[in-house]
Amino acid sequence: MAEEKKAKVAKAPKLADPIASTIDIASQEMIARAQTLGVETIFDRAVNMKPCAIGMQGICCKNCSMGPCRLPLPKDGIEGEDTRKGLCGATANTIAARNFVRMIAGGAAAHSDHGRSVAEVFLSAAKKHTDDYKIKDYDRLLDVAPYLGVATTVEVDGEELDRDLDEIAVEFAEKAMAEWGKPEGELLYAKRAPAPLYEKWKKAGVIPRNIDREIVEIMHRTHMGVDQDYKNLMKQGTRAAIGDGWGGSMLATDMQDIMFGTPYPLQAESNIGIMKEDHVNVIVHGHEPVLSEMIVAAAQTPEMLEYAKSMGANGIQLGGICCTANEMLQRHGVPPAGNFLQQELVIVTGACDAMVVDIQCVMQNLANVAKCFHTKLITTHPIARMEQDNVIHIEFDEHHAMEDAIRILKMACDNFKNRGADVVIPKQTATQIAGFGVESIKYHLGGSFRGDYYTLNDNIINGRIRGGAGVVGCNNARQKHNDGCITMIKELIKNDVIVLTTGCNAIACATEGLLTPESAAVHCGAGLAEVCETVGIPPVLHLGSCVDNSRILLALTEMVKAGGLGNDICDLPAAGSAPEWMSEKAISIGHYFVVSGVYTVFGGMLPTTGAPVFQNHIFKEYEDKYGGMWDMVVDPIEHAHAIIAHIDKKRKALGIDKARDRVMMDFAARQAL
Ligand code: SF4
Ligand code: MSK
């Protein structure tokens, strides 16, 4: 009886307003369709469940069972001494710093463990223990081998000869694997940073010993009763973040490029509309490209095409979500169907015959949505499974990767006939040019003989380009989908700031049509538009997936090397941003940007606001230490202008605030001289 009574008063959950939830029309259509069909998505949950205000500010500690200890800020702010303490006496600064560095540990672990898996497959390929993976890009291998101390030549009878490529690949793989857990020495890739930055890290004592150790040490230091000094905690966070950006992530990018090919610009479509009603639609989602590489290869074989046709389809349409999408896009032109917040929505079309997920950013609710349709949801990674009974697990192994891929594709083809009649695929698609990287930017700017970042620097010096911004990161269901990213980026390019992007932010830009050279004439200031038109590049350059943020670090390093803009990354008129961040990986990325010398602004909320002294440390004091610092600006236009103000500050320091074109001296000018 009591239960019945309860049921009567229970309120029906509210539904999200599709138009207030996203700026993307295809997504609005799918959110409304899900609601009509009674399928719950993250957008509806977000209007029914509010976040904890204390947790959001970073001042809740649950590191032991005497807590959770919650330290809300007094209503009128803090006057005088901050007397807030947890049961053990931990201050708000300690609690917020512990939480923050644990987020760095989570993010660095995710990127770096991804890198380790790639290294394992790379080692198998180098030793020829697998037929499915091969070393594809030997030029790239030769470029990066010296950074791990791998010789590319050998001396025979006093003569220097090229070393056997397979031998180089094996040694590179072994040395790379050692970077995760070697007992002594320091992260070898740290020396890829500009020399003044490396020296700065050395002086501060933050060069990682190896990738894993710094992450483990964070977990130790943040255990109850260990490190209780927010500055010392952040020092360890810095080591782990450098180990991510200049270690695990950079190694992942390099080894993926060597095995699967270094990306070069290509054209593809984007958004949910890439799915085809008369094709078997297979969506790959997550981050690790190793299995998806095989799925792409298998889907192109005549046998598989025949198999799809035998099931009544006209072919196989592959699409992607999140960073597996970006990986398949940048090397094969596979179109992304959406970013993080669109993962449920592609299933809501009723046309997704299989969704194949690997690791990271995969919502557990996919299983509940898939249950409402015919979609086969397939997990593939031993560390990332789901409890729901409609989820199929096909564990990927590099020794039978092609077999796994064929099995998955056949399962999708077999499922084609199980689609209901009610299929709705939104029409929206957008064209994009993706697949930029450190190498291709060089080529675009200078051609094959004189490829260099000099042209970019020159255009920054003459003021056509005001500066650069790395705008990356996720979507966040607490913010209007894609709105923060797009509004902010449009404001940047309008003010002649060129944008480098990765991850879900890149997919948002593609969907909005910002990844085409033609968009420059529509959205950019006159200077940036002129450069884009002359060189034939979009004003927003897609550099890949989340681990590929390492490409942005290296692009900045190239700008330093090209000269004219100072001696270190912190001298450049450049900034970083994640307007709609949500994952721990974003915090790790943000921190390695900051300690590499980049002013980095996050949108939404940072879990630092509840501990003002700690926040001041990483927002202000870090500038003196590393040249870069954190910031948080919620409004996207103000966010863009915070970046522009920083760029202008750097331009002034470089003496290029009164920009002018280089003028060829004519005879009269020479005489006057
Ligand atoms: Fe509370 Fe201290 Fe335990 Fe954290 S470690 S939950 S602040 S008693
Ligand atoms: S996928 S970490 S939601 S960018 Fe790399 Fe997107 Fe953020 Fe995941």
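This is a predicted model: local features need pLDDT of at least 70, side-chain atom pairs count only at pLDDT 80 or more; totals for chains, interfaces and linings use all residues.
Strand 6 (residues 280-286) runs parallel to strand 9, and four bridges join the two. Within this pairing, I283 stands opposite M355 of strand 9. Strand 9 also pairs with strand 10 (residues 376-379), again in the parallel sense and over four bridges. Here V356 is the residue that stands opposite I378 in strand 10.

A pairing of the antiparallel kind is found between strand 3 (residues 153-156) and strand 4 (residues 159-162), which are joined by four bridges. V156 has E159 of strand 4 as its bridge partner. The two strands form a hairpin with two residues between them, and D157 sits in the turn. The phi of D157 is positive, near 50°, although the residue is not a glycine. With a relative accessibility of 78%, D157 counts as exposed, because the cut-off for that class is over 50%.

Most residues other than glycine have a negative phi. N482, however, has a positive phi near 70° and is likewise a residue other than glycine. N482 belongs to the loop between strand 13 (467-471) and helix 20 (483-494). In contrast to the exposed D157, N482 has a relative accessibility of 2% and so counts as buried.

Turning to the helices, helix 11 (residues 230-260) contains 31 residues and spans 42 Å from its first C-alpha to its last, close to the 45 Å expected at 1.5 Å a residue. A bend of about 40° occurs in helix 11 at D244. Because 28 of its 31 residues are buried, helix 11 is largely enclosed by the rest of the structure. At its start, a side-chain oxygen of D229 comes to within 3.0 Å of the backbone nitrogen of K231. Just after the helix, G261 adopts a positive phi of about 110°.

Eleven of the twelve are buried, so helix 25 is largely enclosed by the rest of the structure. Among these buried residues are K585, H591, Y592 and F593. At the start of helix 25, the backbone nitrogen of K585 has a side-chain oxygen of S583 within 3.0 Å. G597 follows the helix and has a positive phi, near 105°.

The surroundings of ligand 1 comprise 13 residues, the closest being C61, C64, C69, C88 and M224. By class, this shell holds nine nonpolar, three polar and one charged residues. Most peptide bonds are trans. The bond joining G67 and P68, by contrast, is cis, with omega about -5°.

Definitions and conventions: Residues are numbered from 1 along each chain as its sequence is written. Chains are lettered from A and ligands numbered from 1 in the order in which they are written. Side-chain values use heavy atoms; hydrogens and water are left out. A residue is near a molecule or strand if one of its heavy atoms lies within 4 Å of it. Ala, Val, Leu, Ile, Met, Phe, Trp, Tyr, Cys and Pro count as nonpolar, Asp, Glu, Lys and Arg as charged, and the others, Gly among them, as polar. The expected span of a helix is 1.5 Å times one less than its number of residues. The bend at a residue is the angle between axes fitted to the seven residues ending there and the seven starting there. Buried means under 20% relative accessible area, exposed over 50%, partly exposed in between (1.4 Å probe, protein chains only). A polar contact is a pair of N or O atoms within 3.5 Å; within protein, one must be able to donate a hydrogen and the other to accept it, and residues adjacent in sequence count only if both atoms are side-chain atoms. Two strands pair if DSSP finds at least two bridges between them.
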